[in-house]
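These are my notebook entries on one structure. I wrote each entry after looking up a single topic.

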Amino acid sequence: MKPKQKSALITGICGQDGSYLADFLLAKGYRIFGLERRASKKNRENISASMHNVTFLSGDLLDEASLVHALKKAKPDEVYNLAAQSFVGDSWPQPVYTGEVTGLGVTRILEAVRQVNPKIKFYQASSSEMFGGSKESPQNEKTHFYPRSPYGVAKLYGHWITINYRESYGMFAASGILFNHESPRRGMEFVTRKITHRAAEIKLGLAKELRLGNLDAKRDWGFAGDYVEAMWLMLQQDTPGDYVIGTGITHSVREFVEAAFAHLKLDWKKYVKVDKTLLRPADVHLLLADARRAHKELKWKPKVGFQELVQMMVDADVERLARGQ
Ligand code: NDP
Ligand code: GDR
């Protein structure tokens, strides 16, 4: 007998990770439902290649009834909660909203899952921002948390409520503590994409300078396409747990800039200006993953390295701009 087709509901399906996860699960034969919030204009560019194989459901992490409705319609085996106000920089001007969506939104969807079918497997998109100002490096599942932004605080709440639902109700709820991961589908406001897009514009004579804030911040940057596999692997384990996912190599923003401009044969020093208005009220200076638990239990390893990632993003931006997009 043919095994039953598995199905998944992805919140944040139109974002960077949601679109890669949808591609990945579709290739595995899943039926995919995507939660999409109401907007005056649809934002499906990231998911355009897979869009026709996705059933979109209207819903919002701020509206629990919409989550119950989506779960009843989709009847998924797995839920991936990727939706969030995900930009750290905007979490200072919008701290309450960030708490509502990125923090309390997790309770809303967990509670909806519990009410509709507590056997659904649940993945929560936790973040290395929860480590923030931790003195320990590299950071693993046992490292103390020290969030440094309203976003980091909200993610920490989401992380603990996921653990709490696991412990309170015996639900299969896993939390992936993912370090920064990027791609040509990354939002324009994040530093990597801001750099690759502007460098491509400069190369094509469409812009003259790139203004950045803290060039010394260090991040463990990986490729989003690699990281969605880890999310899926977490839900295929016998027992739910929390896993750090990262490359184990860290680079500064300055190094990212150097690599992007060098790929285009440009001297970054001629174009990059430090703009103090782009500094954050409290920044995270160093993030570095110790992903040994994931290597051992999930058998997960990243495939794309730093240089390859930078070049992939720069090339995609040059190509897109050359096409006039
Ligand atoms: P994106 O910002 O690209 O995507 C976020 C998605 O969430 C968007 O599709 C957005 O919808 C949706 N969304 C926002 N608010 C709501 C809401 N109230 N209700 C329903 N949907 C909403 O993020 P990424 O793909 O980069 O990240 C995915 C998740 O992983 C996020 O939770 C992020 O915080 C977390 N994370 C990301 C890391 C990274 O390096 N990328 C690292 C660690 C964690 P719309 O398209 O309408 O804006
Ligand atoms: P981050 O990503 O805050 O790590 O959160 P971001 O790319 O925004 O910042 C990384 C570092 O670069 C410094 N920086 C700048 N950042 C932006 N956005 N714009 C600038 O002009 C600039 N100049 C310097 C920042 O100060 C910071 O130190 C991302 C998000 O995807 C989160 O959702 C996720 O949880 C974490 O990664 C892990």
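**Entry 1: Strands E1 and E2**

I looked up the pairing of strand E1 and found that 5 bridges join E1 to strand E2 (residues 31-36), the two running parallel. I note that two strands pair if DSSP finds at least two bridges between them. Helices (H or I, at least four residues) and strands (E, at least two) are DSSP runs, numbered from the N terminus. Across this pairing, Ser 7 stands opposite Arg 31 in E2. For Ile 10, the bridge partner in E2 is Gly 34.

I then asked how many residues of E1 are buried. Buried means under 20% relative accessible area, exposed over 50%, and partly exposed in between, with a 1.4 Å probe and protein chains only. In strand E1 (residues 7-11), 5 of the 5 residues are buried, so E1 is largely enclosed by the rest of the structure. Ser 7, Leu 9 and Thr 11 lie on one side of E1, Ala 8 and Ile 10 lie on the other, and all are buried, which leaves both faces covered. For E2 I found 5 of the 6 residues buried, so E2 too is largely enclosed by the rest of the structure.

**Entry 2: Basis of the values**

I record that this is a predicted model, in which local features need pLDDT of at least 70 and side-chain atom pairs count only at pLDDT 80 or more, whereas totals for chains, interfaces and linings use all residues; side-chain values use heavy atoms, with hydrogens and water left out. Residues are numbered from 1 along each chain as its sequence is written, while chains are lettered from A and ligands numbered from 1 in the order in which they are written.

**Entry 3: The whole protein**

I counted elements next: the protein has 9 helices and 13 strands. Its C-alpha trace spans about 60 × 45 × 40 Å along the principal axes. The radius of gyration is taken over C-alpha atoms, and the globule rule is 2.2 Å times the number of residues to the power 0.38. With 325 residues, a compact globule would have a radius near 20 Å, and the protein agrees with this at 19 Å.

Of the 325 residues, 55% are buried. Contact means heavy atoms within 4.5 Å. Among contacts with a separation of 6 or more, 77% come from residues 24 or more positions apart.

I also noted the surface and the charges. The accessible surface comes to about 15200 Å², and 52% of it belongs to carbon and sulfur atoms. Accessible areas come from the Shrake-Rupley method with a 1.4 Å probe; for residues, only the protein chains shown count as cover. The protein has 47 positive and 37 negative side chains, and the centres of the two sets lie 3 Å apart. Lys and Arg count as positive and Asp and Glu as negative, while His and the chain ends are not counted. The place of a charge is NZ of Lys, CZ of Arg, CG of Asp or CD of Glu.

Which residues does Ala 174 contact, beyond its neighbours within four places in sequence? I found Phe 122, Tyr 123, Gln 124, Thr 162, Arg 166, Met 234, Leu 235, Pro 240 and Gly 241. Ala 174 belongs to strand E6 (residues 173-178), and its relative accessible area of 0% makes it buried.

Leu 321 is placed in helix H9 (residues 306-322). Leu 321 is buried as well, with a relative accessible area of 13%. Not counting residues up to four places away in sequence, Leu 321 touches His 197, Ala 200, Glu 201, Leu 204 and Leu 206.

**Entry 4: Backbone angles and exposed loops**

Most residues other than glycine have a negative phi, and most peptide bonds are trans. I looked for departures from this pattern.

Phi of Lys 75 is near 45°, a positive value. Lys 75 lies in the loop between helix H2 (64-74) and strand E4 (78-81), and at 64% relative accessibility it counts as exposed. Phi of Lys 299 is also positive, near 60°. Lys 299 lies in the loop between helix H8 (292-298) and H9, and is exposed at 67% relative accessibility.

Which residues does a cis peptide bond join? I found Ser 137 and Pro 138, with omega about 0°. Pro 138 is in the loop between strand E5 (121-127) and helix H4 (150-169).
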